[in-house]
Amino acid sequence: MERSCYRCGASFEEQEPFCPSCGAAQVRVTTEQHSSVPLLRQVQRKSLLPAVLPLAFPVGLICIVGPPLGWLALVAMVVWAVFRHQRLFGEISAGIGARLGALMGFFSFAIYLLVRSLASALSLIPFLSNADREELLKQMQQTIARMPDPRAQEMLRWFTSSHGMMVLLVFGLLILFIIFLVSATVTGAVTGAMAAKKPQQ
């Protein structure tokens, strides 16, 4: 089979390493086979955010009803998102699952925090109800009464003030964020690893 020299255009046999007319080396580089893999990974990365956001909204809203219920919804949505991603793109791994889970945990908590903050600012749903605040104050007073050290008592008494309550609230939200992020990432990684081993039908 003949082909043309890339430099002078002369025809020669395909197996010839050099052009017999001008002597130019005839090196053929084929990139078609490898170019589809990075392209597929690029498409997968771009597809993570649109796949996660619609699922993060209901999780964030369920969290307002109760964080434990929201956590269960988060885990279920992460598992569903991983298998959905595998069905759409055919390739899944523990790393892709972990990224999906981390994004789901982050955006679910962000939506929960945004909606809860708006509801609290509009006095619809306070972060702490009066009953929760009274129960927390009662627990703090009991703890203060059991403390023998006056400095520790003074420090704990500060947490019963409005500023102290705000610090406790921020700390509680930070703990909730860490729980959401870590559990969603681990769930995504484990589900991705299991889905990668499962033969596709």
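# Aromatic pairs and a helix crossing

Analyst: Phe 109 and Tyr 112 are both buried. The model is a predicted one.

User: How far apart along helix 3 are Phe 109 and Tyr 112, in residues and in turns?

Analyst: Helix 3 covers residues 94-121, and the two positions in it are 3 residues apart, which means a separation of about one helical turn.

User: How many aromatic pairs are there?

Analyst: The count is 5 aromatic pairs.

User: What makes the pair of Phe 106 and Phe 107 edge-to-face?

Analyst: The ring centres of Phe 106 and Phe 107 are 5.2 Å apart, and the limit for a pair is 6.5 Å. Their planes stand at 85°; edge-to-face applies over 60 degrees. The pair is therefore edge-to-face.

User: Why is the pair of Phe 109 and Tyr 112 called tilted?

Analyst: Here the centres are 6.1 Å apart and the planes are at 50°. Stacked requires under 30 degrees and edge-to-face over 60, so the value of 50° leaves the pair of Phe 109 and Tyr 112 as tilted.

User: Which residues form the aromatic cluster?

Analyst: One cluster is made up of Phe 106, Phe 107, Phe 109, Tyr 112, Phe 177 and Phe 180.

User: Why does Phe 106 count as partly exposed?

Analyst: Its relative accessibility is 40%. Buried needs under 20% and exposed over 50%, so Phe 106 is partly exposed.

User: How do you know that helix 3 is roughly antiparallel to helix 6?

Analyst: The axes of helix 3 and helix 6 (residues 162-197) cross at roughly 150° and come within 6 Å. Roughly antiparallel applies over 145 degrees, so helix 3 is given that label relative to helix 6. The crossing is right-handed.

User: Which residues make the contact between helix 3 and helix 6?

Analyst: On helix 3 they include Gly 97, Gly 101, Gly 105, Phe 106, Phe 109 and Tyr 112. On helix 6, Phe 177, Phe 180, Gly 188 and Gly 192 are among them.

User: How many disulfides does the whole structure have?

Analyst: The search finds 0 disulfides.

User: What makes Cys 19 and Cys 63 buried?

Analyst: Buried means under 20% relative accessible area. Cys 19 has 3% and Cys 63 has 1%, so each counts as buried.

User: What does the protein contain overall, and in which order?

Analyst: The protein has 6 helices and 2 strands, in the sequence pattern β-β-α-α-α-α-α-α. Of its 201 residues, 29% are buried.

Key
Residues are numbered from 1 along each chain as its sequence is written. This is a predicted model: local features need pLDDT of at least 70, side-chain atom pairs count only at pLDDT 80 or more; totals for chains, interfaces and linings use all residues. Side-chain values use heavy atoms; hydrogens and water are left out. Rings of Phe, Tyr and Trp (its six-membered ring) pair if their centres lie within 6.5 Å; planes under 30 degrees apart count as stacked, over 60 as edge-to-face and the rest as tilted. Buried means under 20% relative accessible area, exposed over 50%, partly exposed in between (1.4 Å probe, protein chains only). Helices (H or I, at least four residues) and strands (E, at least two) are DSSP runs, numbered from the N terminus. A disulfide is a pair of cysteine sulfur atoms within 2.5 Å. Axes are lines fitted to C-alpha atoms, for helices over the stretch in contact, and angles run from 0 to 180 degrees between N-to-C directions. Angles under 35 degrees count as roughly parallel, over 145 as roughly antiparallel, 65 to 115 as roughly perpendicular and the rest as oblique. A crossing is left-handed if the near helix is turned anticlockwise from the far one by less than a right angle, and right-handed if clockwise. Contact means heavy atoms within 4.5 Å.
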